[in-house]
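The following paragraphs lead the reader through a single structure. Please keep the sequence and the coordinates in view while reading.

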Amino acid sequence: MPIIIRNSLLVFCLCIFSLNGWANTKIKDVFAIYDKPKYEQNFTHFDYVNPMAPKGGKLTLPAYGTFDSFNPFIFKGIAFPEAAELSLESLGFISSDDPMAVYPLIAEKFEVPDDKSFIGFFINPNAKFANGEKITADDVIFSFNALIEKGAPLYKIYYADVEKAEKLADNHVRFYFKKESQNRELPLILSQFKIFSKKDFEGKDFATPSLTPPLGSGPYQVENFEVNKYVTLKRNPNYWGKNIPVRRGFYNFDTVRYEFYQDTTVTLQALFSGNIDARDEYIAKIWVSGYDNKLVKDGKIIKEEIPHNNPASLQFFGFNTRLDKFSDRRVREAIALAFNFDWANEKLFYNQYRRIYSLFSNTELAASGLPQGKEKQILQKYKTDLPNDIFTSPLDLPDNSTPQKLRQNLKKAVQLLNEAGYDFVDGKMTNLKTNEPLEIEILGNSANGATFTRVMLPFIENLRKIGIKLTFRNLEVNVFKNRLDNFDFEMAILSFRLSNLPGNEQKELWGSASADVKGSFNVLGIKNPAVDDIINQIIKARDQESYLAAVKALDRVIMKEYYFIPNWYSPHDRIAYNNKLAHPKTKTKTGADIHTWWVKEK
C-alpha cells in the first residue's frame with residue numbers, strides 16, 4: 001500500500017527527499033517475505049486461539065535444573081528463559097500458522113523500501129514498560145546494541161548483515177543492511193529480539209548474570225522466586241498489549257508458577273499429587289503405562305496427544321568434529337550404523353516414535369528421494385567436495401529391524417573403519433597410524449539422562465562387537481552446559497528446536513564462522529564451505545522455489561555428512577494436565593501452546 005504521510009515534517013522529509021531514493025518506501029501493517037500474509041490487515045485474532053478465553057486462575061508448571069540469572073541472552077550464567085519470554089516483548093510477532101510473516105506487537109507499522117536496504121519500525125504509542133514509561137527508539141537501539149556487544153556470541157553472527165541502527169524519532173527506528181546483504185529474512189529476524197529498558201540498565205552490566213529481573217513490557221512480571229525451588233510470575237493488570245490482535249486469546253492465567261525439579265520422571269507424581277497442573281511427556285513407556293490410575297480413569301487428569309506441523313525437535317547424538325577421531329566422515333557413519341533405533345522403538349518406546357530423517361522432519365522442508373531440479377543444480381556446484389551418495393541414494397537411515405540386517409550394517413561399519421585407517425588390534429578397533437584404540441565418551445544431562453540409559457546399553461554392546469568402547473556419562477545440567485560451551489566433549493546428547501522458517505539462524509547452527517566461538521550453537525564444530533554457501537543461498541533466495549531448493553540442499557548435505565546420529569520424534573505433543581484446564585479446539589496443527597490455555601469457569 002502507498003506510504004502514509006504522518007503529521008511529522010521529519011518523516012515526510014526523510015521519505016520524500018532521501019538521497020538514497022527512499023521515496024518508494026511503503027508503510028505496512030504486516031510484513032511478509034514471499035507470499036501474502038495469512039491474516040488480513042484488520043484481523044482480530046489468530047485461528048488457533050480462543051479470543052473469548054476467560055482470564056484468571058493459576059497455572060503451575062515444572063522446570064528443570066537450576067538458574068542464577070534472568071537474562072538468557074548472555075554467555076555467562078544459567079538463565080531461566082521462561083521469565084524473559086513472559087515478561088519481555090519484541091517488535092513483532094510470528095504466528096504459529098504463518099511463519100513467513102510478522103505481525104505488529106511493539107511496532108504498530110513496518111517501513112519497507114523497494115530496494116530492501118533497511119527495515120523501519122514505528123512504535124505503538126501505547127507500548128509501555130511495566131512501570132508505565134513508554135517504549136522508545138532509544139530502548140530498541142539499546143537492546144540491539146547490548147545483544148551484539150555484550151550478549152552471547154551467537155548474536156554477532158545472527159545480526160552480522162546489519163550495518164547500523166538509527167533513531168529517526170522517539171517512535172521511529174531503522175535498521176540499515178550492509179550493501180552486500182541479500183538477506184530477505186532479516187526484517188523478520190529483527191522483529192524478534194526482546195526489548196529492554198535503556199534506563200533500567202543504567203549503571204548495570206548487561207553481560208553479567210543477575211537475579212534482578214529486568215524491567216519488562218510483557219503480560220507478566222516476576223513476582224517472587226527462590227533459586228532451585230520456584231519462580232512465580234504475576235500478570236500485569238496494566239499490560240498495554242492485552243487487546244491487540246496478536247495477544248487476544250493468549251496469557252489467560254493471573255499467575256504462572258514454575259516449580260523446579262532435577263529430572264522429568266519426578267514430575268509425574270507431582271502432577272498426580274496436584275503440585276503441578278500440566279507436564280509434557282517425553283518417555284514412551286510412561287505415556288503407555290504410567291497413567292493407569294484412578295485420577296486418569298475418573299477424568300481428573302487428562303492425557304492428550306495434540307498434533308502439530310512444527311519441525312520435529314532435532315534430537316541426536318552429536319559428534320565433536322573438532323577432534324581428529326571424528327574428522328573422517330566414514331568413522332562417523334560407521335558409528336551411526338551401530339545405533340539400533342528399530343530395537344529401541346519396539347522394546348523401549350512401544351512403537352510411539354518415528355525416526356528423525358531430516359533437519360526438518362515432519363514438514364514439507366525435508367529433502368526426499370534423489371535431488372532434482374534446482375536442488376540438484378545447487379548441489380552439483382560442490383560435487384567434487386560432497387559424498388557421492390548424496391546424488392545416488394536418498395536420505396535413508398540404517399535398517400536394523402532384524403538381527404541379520406544389524407549384522408550386515410556392522411560388517412559395513414568395519415569396512416568403513418578399515419577404509420579410514422582402522423583395524424582390529426587385540427580385539428580393539430585401532431587407528432593404525434597412531435596405535436590408539438577408538439574409544440568414545442558420550443555425555444547426557446540429569447534432566448534426561450535416566451531416559452537414555454536404557455537406549456545406550458544396546459548401542460554400547462553393538463559398538464563393542466566392532467571393537468569400539470563407548471562410555472555414557474550423565475552430568476548435572478550446569479556442568480553439561482559448561483562442557484558444551486567450551487567444546488569439552490567427544491559426543492553428546494543434544495536437542496535443538498528448529499525454526500518453521502529456516503534462515504539466518506542456520507549460520508549459527510552449522511556455519512564455519514560460529515564453529516570456534518565458545519557458547520555458540522555450532523557445538524558440532526562444522527566447517528564445510530558447501531554448507532556455508534548453501535546457507536547463504538537460503539538467506540538470499542529471491543523466491544520461494546529457490547528458497548525451498550536451498551533448504552533441501554542444506555538438509556541433504558548435513559544429513560549425508562553424518563555430523564550426528566538422529567534420534568526420534570513424535571508428530572504429536574503428548575501432554576497430561578489437570579481437568580481444571582481447557583485449550584482451544586482447532587484444526588490448525590500448532591501443538592500444545594500452554595499460553596493459549598485457560599482455567600475453566602466454575
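Does lysine 38 count as buried, partly exposed or exposed? Lysine 38 counts as partly exposed, because its relative accessibility is 39%; buried means under 20% relative accessible area, exposed over 50%, and partly exposed in between (1.4 Å probe, protein chains only). Before going further, note that this is a predicted model, in which local features need pLDDT of at least 70 and side-chain atom pairs count only at pLDDT 80 or more, while totals for chains, interfaces and linings use all residues. Residues are numbered from 1 along each chain as its sequence is written, and side-chain values use heavy atoms, with hydrogens and water left out.

The chain as a whole comes next. It has 18 helices and 27 strands; helices (H or I, at least four residues) and strands (E, at least two) are DSSP runs, numbered from the N terminus. For 602 residues, a compact globule would have a radius of gyration near 25 Å, and the chain agrees with this at 25 Å. That radius is taken over C-alpha atoms, and the globule rule is 2.2 Å times the number of residues to the power 0.38. Along its principal axes, the C-alpha trace spans about 80 × 65 × 45 Å. Of the 602 residues, 55% count as buried. Among contacts (heavy atoms within 4.5 Å) between residues at least 6 apart in sequence, 72% join residues at least 24 apart. The chain exposes about 26200 Å², of which carbon and sulfur atoms supply 49%; the areas come from the Shrake-Rupley method with a 1.4 Å probe, and for residues only the protein chains shown count as cover.

Charged pairs are the next topic. Side chains of opposite charge can pair when their charged atoms come close. A salt bridge is here a side-chain nitrogen of Lys or Arg within 4 Å of a carboxyl oxygen of Asp or Glu, and a search of the whole structure finds 37 of them. One joins lysine 38 to aspartate 47, with the closest N and O atoms 3.4 Å apart; aspartate 47 is partly exposed, at a relative accessible area of 43%. Lysine 204 and aspartate 200 form another, at 3.4 Å from N to O, and lysine 204 is partly exposed with a relative accessible area of 41%. Arginine 257 and glutamate 259 meet at 2.6 Å, N to O, and both of these residues are buried. A network of salt bridges links Arg329, Glu333, Asp389, Lys412 and Lys560.

Helix α3 (residues 137–150) has 14 residues, which at 1.5 Å a residue should span 20 Å; its end C-alpha atoms are 19 Å apart, in agreement. The expected span is 1.5 Å times one less than the number of residues. An α-helix has 3.6 residues a turn, so residues three or four places apart point the same way. The buried residues of α3 include Val140, Ile141, Phe144 and Leu147, and their cover includes β7 (118–123), β8 (162–169) and β9 (172–177). In α15 (residues 477–485), Phe480, Arg483, Leu484 and Asp485 are buried, and the buried residues of this helix pack against β20 (439–445), β21 (469–475) and β22 (491–496). Phenylalanine 487, which follows α15, has a positive phi near 55°.

Lysine 194 lies in the loop between α5 (186–190) and β10 (220–226) and counts as buried because its relative accessibility is 11%. Its side chain reaches the backbone oxygen of leucine 88 at 3.1 Å, a polar contact (a pair of N or O atoms within 3.5 Å; within protein, one must be able to donate a hydrogen and the other to accept it, and residues adjacent in sequence count only if both atoms are side-chain atoms). Apart from neighbours within four places in sequence, lysine 194 is in contact with residues including Phe73, Glu85, Glu89 and Ser143.

Histidine 308, in the loop between β14 (301–307) and β15 (314–319), is buried at a relative accessible area of 5%. A polar atom of the histidine 308 side chain lies 3.1 Å from the backbone nitrogen of asparagine 310.

Asparagine 504 is in the loop between β22 and α16 (505–510) and is buried, with a relative accessible area of 2%. The asparagine 504 side chain reaches the backbone oxygen of tyrosine 158 at 2.2 Å.
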